[in-house]
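Trainee: Could we go through this model together? I would like to start with the overall picture and then turn to details.

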Amino acid sequence: MLDRTEKRFGIRPDWLAADTAYGNAENLGWLVEQRSIISFIPVIDKSERTDGIWSRSDFEWDEANDQYICPEGHALRQYRRNYSDPNRGQDTGGRKKYRALKATCQTCPSKEICCPKAEARCVTREPHEEAREFARKCRKTKAYKVSRDKRKKVEMLFAHLKRILGLTRLRLRGPNGAKDEFLLAAIAQNLRKLAKLRPQCANPEATA
Ligand code: SF4
């Protein structure tokens with residue numbers, strides 16, 4: 001869609017708003033890292049815990065040293081020695097695991113709220129985590145609220161098409177049939193909008 005819009009109309013968005021369905025790591029990585037587009041998209045994040053145990057967000061990311069720092073100030077690393085294979089330690093989904101030292105965790109006063117059942121704490125880092133972090137920061141801005149309101153306006157139109165105009169299923173066949181049905185539905189929506197813009201008559205009987 002982005003390529004087609006650029007090719008056809010010569011425009012390219014600086015930012016893009018979408019709902020959570022588009023907030024996966026691959027999509028955010030592609031938008032932010034490859035297309036340099038600001039993403040106002042909620043991040044799909046399953047790392048937040050609700051059982052009182054510290055979540056990944058309680059650990060500080062140390063980019064320069066490729067490690068997390070736990071709330072007690074200790075390092076969680078992928079490796080404790082140098083390997084020649086850069087992919088070593090990643091699981092099949094490109095996730096990286098960062099582990100604390102067993103000896104440190106065993107004597108830590110915060111072990112009960114950090115890793116009560118494990119010998120040492122392990123934190124996973126998703127692929128494209130930088131892009132995900134960027135999207136999280138974008139979500140805290142005023143511009144995100146503006147984009148969300150705009151997105152909801154568009155979504156309302158689609159909901160109206162589906163629920164009120166009955167476009168859950170198309171009746172005409174083929175791409176041309178779909179095009180005709182959507183064109184007629186869009187005309188109906190625009191007429192409805194125009195009717196709302198018309199100034200209200202003070203005395204309806206005068207126009208009867
Ligand atoms: S249990 Fe380990 S990782 Fe967790 S806070 Fe203590 S030292 Fe850090």
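Mentor: The discussion below moves from the whole chain to single residues.

Trainee: What kind of model is this, and how are residues numbered?

Mentor: It is a predicted model, in which local features need pLDDT of at least 70 and side-chain atom pairs count only at pLDDT 80 or more, while totals for chains, interfaces and linings use all residues. Residues are numbered from 1 along each chain as its sequence is written, and side-chain values use heavy atoms, with hydrogens and water left out.

Trainee: How many helices and strands are there?

Mentor: The protein chain has 8 helices and 7 strands. Helices (H or I, at least four residues) and strands (E, at least two) are DSSP runs, numbered from the N terminus.

Trainee: Which residues of α2 are buried, and what covers them?

Mentor: In α2, Ala25, Leu28, Gly29, Leu31 and Val32 are buried. Their cover includes α1 (2-9), β1 (15-17), β2 and α5; contact here means heavy atoms within 4.5 Å.

Trainee: What happens just after α2?

Mentor: Ser36 takes a positive phi of about 50 degrees there, although Ser36 is not a glycine. Ser36 sits in the loop between α2 (25-34) and β2 (38-40). Ser36 counts as exposed because its relative accessibility is 56%.

Trainee: Why would one remark on that phi?

Mentor: Most residues other than glycine have a negative phi.

Trainee: Where is His128, and what is its phi?

Mentor: His128 lies in the loop between β7 and α5 (129-139). Its phi is positive, about 60 degrees, although His128 is not a glycine. With a relative accessible area of 29%, His128 is partly exposed.

Trainee: Which strand is joined to β7, and by how many bridges?

Mentor: Strand β6 (residues 96-99) is joined to β7 by 4 bridges, and the two run antiparallel. Two strands pair if DSSP finds at least two bridges between them. Opposite Arg125 in β7 stands Lys96.

Trainee: Changing topic: where is Ala186, and how far is it from Glu33?

Mentor: Ala186 is found in helix α7 (residues 174-197). Ala186 and Glu33 are 153 residues apart in sequence and 35 Å apart in space, C-alpha to C-alpha. Ala186 is partly exposed, at 32% relative accessibility.

Trainee: Is Ala21 buried or exposed?

Mentor: Ala21 is exposed, with a relative accessible area of 61%. Ala21 lies in the loop between β1 and α2. The C-alpha atoms of Ala21 and Ile69, 48 residues apart along the chain, are separated by 31 Å.

Notes: Buried means under 20% relative accessible area, exposed over 50%, partly exposed in between (1.4 Å probe, protein chains only).
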